[in-house]
Amino acid sequence: MSEQTFVTPAEVVTSDPSFMRGHGTYQEGKDIVSAVAGVVEQVNKLVTVRPLRTRYGGEIGDVVVGRITEVAQKRWKVDVNARQDGVLLLSSVNLPGGVQRRKSESDELQMRKFFTEGDMVVAEAQAFFQDGAMSLHTRSLKYGKLRNGTLVVVPPSLVLRSRSHFHTIANSVEVILGLNGYIWVCKRATKAPEEMDPDELYANVNEDISNQERETIARVCNCLQALSKRLIPIDYTVLAFAYEASLDRETKELLEPEVIEAVTTEAVARAAMVNE
Amino acid sequence: MTTVTTAVGGVASFLLFFRAVCSLFIGATSFAMSRVELLNPEGLRVDGRRANELRKLSCKLSPLQHADGSAYIEQGNTKVLAVVYGPRETRHRAQVMHDRAYINVEYLVAPFSAGERKKRSKNDKRLLELALAVKQTFDSVVMTTLHPRSQIDIYLQVLQDDGGALQASINAATLALVDAGVPMVDYVCACTGGCVDSQALLDLNHIEESSAETPDLTVAILPRSGKVTLLQMTSRVHSDQFEQMLNLAMEGCRQVHAVLDSSVRDSMQQLADQMTHR
Amino acid sequence: MASFGLVSQVERDFVERGVDVGIRADGRARDDYRPPRVELGLVSQSDGSARCQLGDGTDVLVSVRCELGQADPAADDRGRLAVSVECSPSASQRFEGRGADDLNTELSEAVTRALTGPQSGLNLRQLCIVPGMHCWVLNIDAIVLNYGGNVVDALLIATRAALADTRVPRTVVQEMEDGAMDFEVDDDVENAQPLEHVHNVPLCVTANKIGAGYVLDATLTEELCASARLHVTVNSSGQVCAAQKSGDGAIEPSLLMAMLQAAKEQARRLLEQQDEQIRRHETEIAAKRARGEPVKRPSIFV
């Protein structure tokens, strides 16, 4: 592990004119000065300072889980735990009746039939508006309205970037690790999205969830909270190990500090061995 | 012992204030009710400090995990909690600024913070003024143009006021903003000053602040450039020593900066250690 | 209590079904109550104080101050209490400005209701200084630093602990030659006296009706899914001192009885745990005094 250089606000990062300044810094004369307390990062000639705690900023292509906060003209506003609410345009969602359907007038008036305030959605960041707000889309069938489960919130900086953010645990439970710190844990849907009727895609009805599935969902949620409390970066590997390590205890015992410590320590140790 | 007679009810609360103020010091001190000697012939103040001595300053970052940023400061017996949220979605349409973040400050004083318990309404003029002073200070220091159309909330809660609540609040707000990763040009470091018998005093406690013997100066600077971002003085005493007071207070700000910066570095190291488990 | 935050229909349904089968979102059963974390004596300039952290982040700080006051003519042989609860905007953006006013009033009344009345336990006569003239007023000031659900329970837990921590200054009353009563307040903290009968002060347990069932120690999400709420205040003798239903929904009698029973049982457990903690705390302090060590109160946030 390389040495980390910490800097604090107003500290000079470098005075070397060949460097370009990036996020977390500002220019004063020939100095590149830090604007935050964080770690200096350098990629080629670009120097940035990354604060250890910050709100979710996001990048194009990020998978995020969000909550609809507002229904507006031809679009929805979505709380994605960022500096501004994200925007989901009507033209960026799949509407029942086929992906290529033309948007008609009645669609706009019936926007609440698709998403209404409070609904949970998984989407992808497709672009950024000039003011920094994220523009989302749910065009692929793996995105869209969420059901059959519950939300867990963790600090966004703990969610590691991976190839995939959709995972299955214990065969029955699906976990969507939103890069914005919102994580959806639910029963794996019996039908794949392609097999669903068009109106099922936006239905507000849960499938039947067995007690066993419910327990598993709760266990996964508690593991996520445990990892979050110990500030352990989260990906599928460490979560799966935490889940396994927790199996010899009752689900609700995972709320106790000693159990959190034991389970997460084991998970981290096992994950480290895999990574070597 | 303080004595109360039934005939003069109004004296009771004044003396109760005295009783409470006594309990703020280590070791009971008795003084005549009419005049307090702020600086004795040996050069010691009422709490045993020298004229140019800062009170003990201790800080803690992230005491409240649920907020984006938070900090708790104890400067002597003045205790302030600062909580920061943001940048986040602006709550009120009217406050959205198309080219920068809107900074919102609320300044709250706990009813039990002073020697005499007092519940203040949220519309208390003095509190609104203090909130505005803090807002204006940070408006010029936070790099708000990086986050247009968003809102940054700074909530200050004074839990104990033994003098210098505004300066402690500014220091706490600075730490909370740093903790939240909000980009700033520099730390904002504040300190108070006074003057007694031509001798400048640093970091006034409550007795000194409320005394008619000394002016009460609050100043905040940006340490890197030395620029002054806040200056407030109330005075019931004619003083030729303004420059001397100001210089001493500014020197105090630099001492404050050293403590704040050191606690930020400690906190970063701890956080990094916790996060790099692999 | 005021409901804030959004929740989707499917999340609501998930919670309701979970309560039906007794498996909540975190695996707890309906009656499972997460242990509160309580610290005493944190506000050094107050006569008594305590902080309580519950569940998913609910955090309240309570201070008790003894202030001299005029005796109430209707109860001239005793002192009184004054309760004030303030929700800080740090707990939720909705508490900014006047946003928390209604909730503050509701919470202040909930605490007042639990502490006043004959069953509240405190010996208010202890607070009388000169009958008909002077008495102590216990100012109970609470700040809600974070709102994570179940705030009323947390407030009572912290308040009872703060009262146990409270020391009332000693007063010496003398009759003067002209018949007037004179009194002195002893400033020496060592001579201050504990409040009598704090052991009798009740605690509150809130049961939230969700679907056809109920839960204790609700999370924020569960509170948003509740159609009604029952606050049950119980003392160490198992007596129900106060009960209050809030929320729009109606509660069937059989469910009401079940909620009452569960709340009483949980209150009994909470009271035992708290009494044990208070005992330990006082033993520690006495030991420190005996050793001549300073009884230093920790910072509010260590």
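How many residue pairs are in polar contact between chain A and chain C, with both at pLDDT 80 or more? The count is 8, where a polar contact is a pair of N or O atoms within 3.5 Å; within protein, one atom must be able to donate a hydrogen and the other to accept it, and residues adjacent in sequence count only if both atoms are side-chain atoms. The structure is a predicted model, in which local features need pLDDT of at least 70, side-chain atom pairs count only at pLDDT 80 or more, and totals for chains, interfaces and linings use all residues. Residues are numbered from 1 along each chain as its sequence is written, chains are lettered from A and ligands numbered from 1 in the order in which they are written, and side-chain values use heavy atoms, with hydrogens and water left out.

Chain A brings 28 residues to the contact and chain C brings 19 residues, contact meaning heavy atoms within 4.5 Å. About 1900 Å² is buried between the two chains, with 57% of it on carbon and sulfur atoms; buried area is the accessible area (1.4 Å probe) that two parts lose on being put together, summed over both. Of the area that chain A buries against chain C, 30% is supplied by A:Asn206, A:Arg214 and A:Lys252, more than by any other three residues.

Charged pairs also join these chains. Between chain A and chain C there are 2 salt bridges, each a side-chain nitrogen of Lys or Arg within 4 Å of a carboxyl oxygen of Asp or Glu. One of them pairs A:Lys252 with C:Asp32, whose closest N and O atoms are 2.7 Å apart. By class, the side of chain A that touches chain C has 11 nonpolar, 10 polar and 7 charged residues. In this scheme Ala, Val, Leu, Ile, Met, Phe, Trp, Tyr, Cys and Pro count as nonpolar, Asp, Glu, Lys and Arg as charged, and the others, Gly among them, as polar.

C:Asp32 sits in the loop between helix 1 (9-21) and strand 1 (37-40) of chain C. Its side chain makes a polar contact of 2.7 Å with that of A:Lys252. Leaving aside residues up to four places away in sequence, C:Asp32 touches A:Lys252, C:Arg24, C:Leu216 and C:Asp217.

Within chain A, the assignment gives domain 1 (5-51), domain 2 (63-201) and domain 3 (211-275), with bounds that come from an automatic or database domain assignment. The centres of domain 2 and domain 3 of chain A, taken over C-alpha atoms, are separated by 26 Å. Their contact takes 22 residues from domain 2 and 17 residues from domain 3 of chain A. The area buried between these two domains of chain A is about 1600 Å², and carbon and sulfur atoms give 80% of it. The pair of domains has 1 salt bridge, and A:Lys187 forms a salt bridge with A:Glu213 at 3.6 Å between the closest N and O atoms. Between domain 2 and domain 3 of chain A, 3 residue pairs are in polar contact (both at pLDDT 80 or more). Strand 17 of chain A, with 4 residues, gives the most to the side of domain 2 that touches domain 3. That side of domain 2 of chain A has 15 nonpolar, 6 polar and 1 charged residues.

Chain C also meets chain B. This contact takes 42 residues from chain B and 44 residues from chain C, and about 4000 Å² is buried, 53% of it given by carbon and sulfur atoms. The rule finds 2 salt bridges across the interface of chain B and chain C; B:Arg117 forms a salt bridge with C:Asp141, with the closest N and O atoms 2.6 Å apart. Residue pairs in polar contact between chain B and chain C number 16 (both at pLDDT 80 or more). The side of chain B that touches chain C divides into 17 nonpolar, 12 polar and 13 charged residues.

Conventions: Helices (H or I, at least four residues) and strands (E, at least two) are DSSP runs, numbered from the N terminus.
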